[in-house]
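Me: Could you help me learn to read a protein model? I'd like to take it one feature after another.

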Amino acid sequence: MSEKLSPIESIKTKSDGLRGTLKESLNDNFTGNVRPDDETLVKFHGMYVQDDRDRRAERAEKKLDKLYSFMIRLRIPGGVITADQWLATHDISEDYGTGTIKITTRQTLQLHGLLKHQLRPTIQAFNLAKLDSIAACGDVNRNVIASSHPQLSPLHQEIYDYADKISTLLLPKTQSYYEVFIDGEKIYERSSEADPLYEDRYLPRKFKIAIAIPPSNDVDVYTNDIGLIAVIEDDKLIGFNIAIGGGLATTHGNPNTYSRLASLIGFTDTEEKTLKTVYEILTIQRDFGNRADRKLSRMKYTVDKLTVEGFKQELENRTGFNLEPVRSFSFTERGDRYGWEKSHEGKWYYTLFIEHGVVRPEQKQFLFELAQLHVSNFIFSGNQNLILGNIAENDKGAVAALIESHNIDKTVSALRRNSMACVALPTCPLALAEAQRYLPELVSKIEPLLEKHHLQNDEIVIRMTGCPNGCGRPYVAELGFVGTGPGQYNFMLGGDRYGERLNKLYKEKFNETQILAEVDYLLGLYVNKKHENETFGDFTNRTFFS
Amino acid sequence: MLSDIKLSLLQQLVYNASNEELIWTKGYLAGFLDKHAGLLPTGLSSEVTVKPIIIYGTETGNSKKVASGLLANFKKNKIQAKAIDVFQYDLAKLAKEDIVLFVMSTQGEGEFPQNAVAFYDALQASDAHFSQLRYAVFGLGDSSYPLFCNAGLLLDELLEKKGAVRLLPLVKSDVDYSESVAVWEKDLQSVLRNQISVTAAPTVLSTSVQKKNYTGIINHKVILNDRGSNKETFHIEITSDDVIHYEPGDAIGIIPKNDSHIIGIIAGYFKEDVENNVTIGDETNTIKRWLSRRNLSGLSRRSLSQMANYFEAEITEERADLVDILEKYPLADKAGIANLIALLLPVPPRLYSISSAFDAHDGQVHLTVNLHKFKVGNQVKTGLASQFLAEFPLNENIEFYIHKNPNFRLPSDDTDIIMIGPGTGIAPFRSFIAQRDSAGAEGKNWLFFGEQHFVTDFYYQTEIQDWLTSGVLTKLDVAFSQDQNEKIYVQNRILENAKDFNQWLDNGASLYICGQKAPMSTDVENAIIEVISLERNIDIGEAKAFLEKLEAEGRYQKDVY
């Protein structure tokens, strides 16, 4: 390790268990921001500081500091909360922040626009509802996600429980979250905080784990550092295929960065072995990951540095057992199943389309009233939609009536259902272009083209991000748009429908007019030249990249 | 023998008098000397045997300050005197007093301070004989306002009417009154020493230094509040080709003009065009010009009653805008617009604390002006002057003058200061800190600021951050009242910081308050008294006395409005 460590590394090691000067920062009365080092540390507690970039110039003129606010992201392994927890979240969002609840691509919830002085009351209120934001961001294992449609498999609950087990296993041991944001006093002994997994360095970079339950790949399992694919035989869970080294983020103009899908390395059959394997994959990344250049520090680069085989050997050395060969499985869907479905246990599930996860005011009101009925839980899908789940036969009528009276069940085009966008402008500090605010508009302009080519029912996956970091997973879309500058996007093509093949750069820095003209041309080409049952992604891949 | 002033007064009288008047005066003086023979000096003794009472009527504390200063100097010169607030003075005693010195300030449109109104009314109604009483009146006022020192004048005239003997002519002192006080004191001492009363006509003794008018332009204007605020506070930058001499603590005076819309409406009630000429006295102007500089809003009871003849019905309002009166009451047939214009007072100037420092801001004058909005019934109205400034176009000439504020000044460079300036009260403190920054003053600086919301109302936030970084601002405490369930104000922050606050005072810090008089300055003052009492382990009365001592020493200064 001759390379100089990234400055973030020393912030972590000197942070006294992620405490830093957070308490002082919260008390600084002259700014809405926290101190520079604390900006890094606050992420480990589930928050990002952001500033409204649309307002910078005007506020500077008014001699006002940037409009700093915080995004808080909850830790909800597997993405399931109770009706009471939804009610609590609803109330908190009314009291603090912008009032908007956002469902993320990692099955959790975010609130935006919280002011610094509102952080403690917000976290305290979540705490009362048994919700926390520990390790929701930062160089640690993030929210563990799992296929979200219980009605698809009788083993769903058993597999879903792994999300919580893994999340708990990989939590940092420091109690600073409670000390800084809840108690205000240091009541925990440092000795009880010894952390054999993260030590005082944590991971080199963020870490993502997903659990997929075939046939659905709604979690985009290959885009994670660790992907667990449930293997089910004769209606029994017999274990997990293990995939490592997925990750999408790239950096414009940095050829050393690349998107990578996770590589399958083997199979584990018991809970003990699965958890042990997951744990030691983290320790390898902890010990071998690049801590000098944060652009090259995700585990995908570690896997390629050690080679997949080399990584596997190191892993088997650390776990003390060999992985079994990968078992067969197949994915045949990735999107959500909208509307009513019934599970094997006879419970009802209703999936509601939430465009880009932004819960609109009328939807929020509906969900508020629904939660008050206490007849369902709330499940967030990896596609940023909401499933009202576990509804008894007797209660279905009441839910249906509420859906009816709020006129919630609106049909949208297949393209819109399969669209995804990250937050981007104005709050994301990384954004180069619009995404969440703009994609709905772009979809509206593409919809007439789909009708023109009679493709309005085609489930083409379209995704957009404001920068190349890939939060909206644009590299596994059939139509991918990656922001390069205001109004400009790299046009990505050739990804498959189920998230098993990365797309490729098709056109660089396209504006809207160019995008629409090109989409029109591509759709026409697809209709005329496609093979039978060939998806748009497969067609464009065959036509342009093979 | 006579002081310059008295001599010049006498000369004025004599030179302008007719033969008959001179003869009468000669007789008067002879008669006076006979009547007051007992008062004539017994030789050239410098002993003062009379015990004057100083009665002051104060609104902002200036009269009290003059009275206290006078009392202190009297004591030094072995003159036994007493000072008392007119509010606490028993009128029944007045006829029996020997010598009474009044220090009386004037408020608004020539009115008495609130505390003095009852005394004046009772004196007017009194049928006691005051021939034994000798008196002098020192009036305080602001020559920028109409009816300058009117309260002092009314009191002076009434006492004479009641038969009391005037020892010295009425003094009308302007805002910078210290010089007038010195002269008055000197005259008083000689008068008291010789026990001679001079019954001259109440001639104006003007010590007002001619205010210099400047012309400049507003070259930059921005609302400091962010979107979503309940407030509209303007930061205004004025530049001028003239060199504008001012010091931190000074204010500028601006005489706003009424907007043409309202003038049009008023002219309409008289079926006049705003361009029509109207002659009043020997001055002819268009209606537009007449009305643009006459006060049309918040007319007092007195102004309204003067207009009674021109309306069909009796006006019952205590205070009202002219346009509302015209809307509510039908005009009498004989009412012409000239009648009304003649009764309207000129628009009074409005003072705004300067928020820049000459050295730090390239000689510019910066203002921090809250667009004053208030509700009358269901109508939301805006203050004339703040509206005038808020709407004043960029790069057009604006006239103003510098209003000196000698009682709101930075101490020596090495003295610490505590500044409490919520809302636009921050204005002079931006000047103070900028001045200390550019001068490299060593004294520590502690600022208390408050408003409604942190995000939208943190005036000069980025400058304050820079001052904290550079260290010129030692300590900052802010209170944003509406950012949490319970209201938090600057006085809460003062109490939270009781120990430090007292420590700073112990170290000799000077204390400043600027902003709303009520309730802010009272609440803040009570908090300070509480802190002093708590930290020094003394009772509230002693704490008050301590603060009063600081005030007398000039270590506690207020600029409240």
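Me: How many helices and strands are there in chain A?
Reply: First, the ground rules: this is a predicted model, where local features need pLDDT of at least 70, side-chain atom pairs count only at pLDDT 80 or more, and totals for chains, interfaces and linings use all residues. Residues are numbered from 1 along each chain as its sequence is written, while chains are lettered from A and ligands numbered from 1 in the order in which they are written. Helices (H or I, at least four residues) and strands (E, at least two) are DSSP runs, numbered from the N terminus. Chain A has 17 helices and 19 strands.

Me: What does helix α11 of chain A look like?
Reply: The expected span of a helix is 1.5 Å times one less than its number of residues. Helix α11 of chain A (residues 308-319) has 12 residues and reaches 16 Å from first C-alpha to last, close to the expected 16 Å. Just after α11(A), A:Gly320 has a positive phi of about 85°.

Me: And how do β11 and β12 of chain B pair?
Reply: Strands pair if DSSP finds at least two bridges between them. In chain B, β11 (residues 277-280) and β12 (residues 283-286) are antiparallel, over four bridges. B:Ile280 sits opposite B:Glu283. The two strands form a hairpin with two residues between them, and B:Gly281 in the turn has a positive phi of about 65°.

Me: Which residues is A:Ile244 in contact with?
Reply: Contact means C-beta atoms, placed from the backbone, within 7 Å. Leaving aside neighbours within four places in sequence, the partners of A:Ile244 include A:Asp225, A:Ala262, A:Met299 and A:Phe311.

Technical notes: Contact = placed C-beta atoms within 7 Å.
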